[in-house]
Amino acid sequence: MRGITTFIQRDFLRWERGRVAVFSALVMPAAWLIFVGLALPVKFTGNYLDFITPGILVMTMLSAGLSGGALLMFDKILGFLNKFLALPTPRESILFGKILFITGRGLIQTTIILIIAVIIGASLLHPFQYFMIYLVLFAFGILISSFATTIALYLEDHDSYAAFNTMISMPLFFTSSALMPYNVMPSWLRTIAVLNPLSFAIDAIRDIGYGIIPLFPLAMLVGLAGFIIFLCSHVFRKVTI
Amino acid sequence: MSIIETNELVKNYGDLCAVDHVTLSIGKEVFGLLGPNGSGKTTTVLMLTTLLCPTSGTASICGYDIQKQAEMVRSMISYVPQDMAVDIKLTGRENVIFFAKLYGIPSPKDKADEALALMELNERADDLTRTYSGGMRRRLELAQALVHEPSALFLDEPTLGLDVAARKKIWEHIGSLSRRGMSIFVTTHYMDEADRFCDRVGIINNGKIAACGTPLELKAKLMNDVITVKIEGTCQPPDLEGVWYVGKHEDEISFTAENGKEALPTIAEALTRNNVKIRAMSLREPTLDDVFLQAVGQQEEPYGFADSKFRIMLRRRK
Ligand SMILES: Nc1ncnc2c1ncn2[C@@H]1O[C@H](COP(=O)(O)OP(=O)(O)OP(=O)(O)O)[C@@H](O)[C@H]1O
Ligand SMILES: [Mg+2]
């Protein structure tokens, strides 16, 4: 669609100009990787780093997506959106450009985290496995970024969005299969964890690591992402009329 | 041939009627929509730029309906909003190239250079717009709007918050664009600017068009001279032969008369008789301010200008 790449270029330019933010977003997942991945004494696996890396990758994508949700809202508050909407480019390209940018940015950040993981001792995988991991992360990124954008458009102001962001990001992470396998979870947590979309992505990446092609979780992710995008473009059309 | 046409355009916000049956026809000219704060100028522009749906009525740009053929309308127009929105993280040039690409222009870089040169921004084009002054940001917005050579250009308060020199510069640019055959729709509440630089003006108040025509035509509806009297306190305007009350603005009341020199003493006498203290009097030719005061001052003024009186006055002039 015409305009999408131009919108994505603009966002990347703006992102790279805000130097500090480029790195600060990586501090949290890197700290998890090093301080929890390397230091936590666990009994259920020999290489906890290998176990936790998929969770941290997904966490990186999650926070990239959630923080990206505010981007379109800022464009709206700052008056850019109105200027874009009066352009002859198809209006949806604004939305899709944004979702693709947030996902792309998340993929860059997860790549850095993945490199750190390998450097500090995670097992190296086959290129095809990495390709599959990116596929999963991409689908998950689309899901989260369109979800976050929908919420941000709906809430309309930054404070309530920031509150929403802090409110859901930690609980989503801790109720997923990121930190421990299902069989060591208390049963109440297991019930939540199997339904948590984060677990779909994490389990899929773990399966890839074990050499299994994760058809079911991947299909779930793609299906969910499709549904949320549909919802998101509906909300977008409503706020822009 | 008219480029912008509106027909009984209405926009309601709940109970509030922000734009009330506005009918306009604008050709290749500079059309100024004049009105006080909250009179519905921005709302009108938003509807014409397809950013807002009208409650009722229709409008078209170059023959394309703003609702049914919105995409075509958007390819015909450029829009500069009232609140400046240039990207401060990008340079001037990047800002313009970005828009050139979105407009789908074949060689965005050259076109951007051209637009920047036209707005006299080429020297600072590679600085971040964070470092631009308000006037430069306005001109940058214009450059963004001009990369695509629209048929109709919508400018919402383009001179708001600028100094005299910057305003003049903006208006000169607007004039030269219009000479290139563009239809320019500009809103403002600076009467003197509209008087000098617009080919035609429409005066809007509470969403209704109160008067529309060339500044000359509108001023000609008033008499030859305008007499302004600075008074202390309030006063009941006196009923005088050959003198018509125009309106009140702060502590000044204005009258219009065919022969101002003769009317001066008459007015002074009448006011003194009513125990009104006069602090100053002046005589001048009518300006758009007077037209505006006359057109919109009515309902704000408890015993102001009577509509019937104005009609009598007009009849006498014919
Ligand atoms: N989104 C909205 N919801 C409700 N009322 C609105 C909305 N936008 C504008 N209005 C009302 O509509 C009226 C016209 O507003 P508009 O912005 O068109 O005025 P304006 O002529 O552009 O004024 P200004 O010179 O201050 O820019 C105002 O009374 C305003 O309060
Ligand atoms: Mg306005």
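So, T43(B): an N or O atom in its side chain sits 2.5 Å from an oxygen atom of ligand 1. I'm calling that a polar contact, meaning a pair of N or O atoms within 3.5 Å; within protein, one must be able to donate a hydrogen and the other to accept it, and residues adjacent in sequence count only if both atoms are side-chain atoms. Before I go on, the caveats. This is a predicted model, where local features need pLDDT of at least 70 and side-chain atom pairs count only at pLDDT 80 or more, while totals for chains, interfaces and linings use all residues. Side-chain values use heavy atoms, with hydrogens and water left out, residues are numbered from 1 along each chain as its sequence is written, and chains are lettered from A and ligands numbered from 1 in the order in which they are written.

Back to the ligand. N37(B) uses a polar side-chain atom, at 3.0 Å from a ligand oxygen. How much of ligand 1 does the protein bury? Taken alone, the ligand exposes 640 Å², and 61% of that is buried by the protein; the areas are Shrake-Rupley with a 1.4 Å probe, and for residues only the protein chains shown count as cover.

Now the shell around ligand 1. There are 13 residues in it, and the closest are G38(B), K41(B), T42(B), T43(B) and Q82(B); a residue gets in if one of its heavy atoms lies within 4 Å. Which elements give two or more residues to that shell? Those are β2 (16–26) and α1 (41–48), both of chain B, and α1(B) gives the most, with three residues. By type, the shell has four nonpolar, seven polar and two charged residues. The classes are: Ala, Val, Leu, Ile, Met, Phe, Trp, Tyr, Cys and Pro nonpolar; Asp, Glu, Lys and Arg charged; the others, Gly among them, polar.

Zooming out, chain B has eleven helices and 14 strands. Its C-alpha trace spans about 70 × 40 × 35 Å along the principal axes. The domain assignment, which is automatic or from a database, gives domain 1 (4–214) and domain 2 (223–285). Taken over C-alpha atoms, the centres of those two domains of chain B are 39 Å apart. Of the 318 residues in chain B, 53% count as buried, where buried is under 20% relative accessible area, exposed is over 50%, and partly exposed is in between (1.4 Å probe, protein chains only).

One of the buried ones is T256(B), at 1% relative accessible area. T256(B) is in strand β13 (residues 252–257) of chain B, and a polar atom of its side chain lies 3.2 Å from the backbone oxygen of D225(B).

What about disulfides? For C17(B), the nearest cysteine sulfur is that of C53(B), 16 Å away. C17(B) is partly exposed, at 27% relative accessibility.

Last stop, chain A: A204(A) is in helix α9 (residues 197–210), and A204(A) is buried, at 0% relative accessible area.

Technical notes:
Helices (H or I, at least four residues) and strands (E, at least two) are DSSP runs, numbered from the N terminus. A disulfide is a pair of cysteine sulfur atoms within 2.5 Å.
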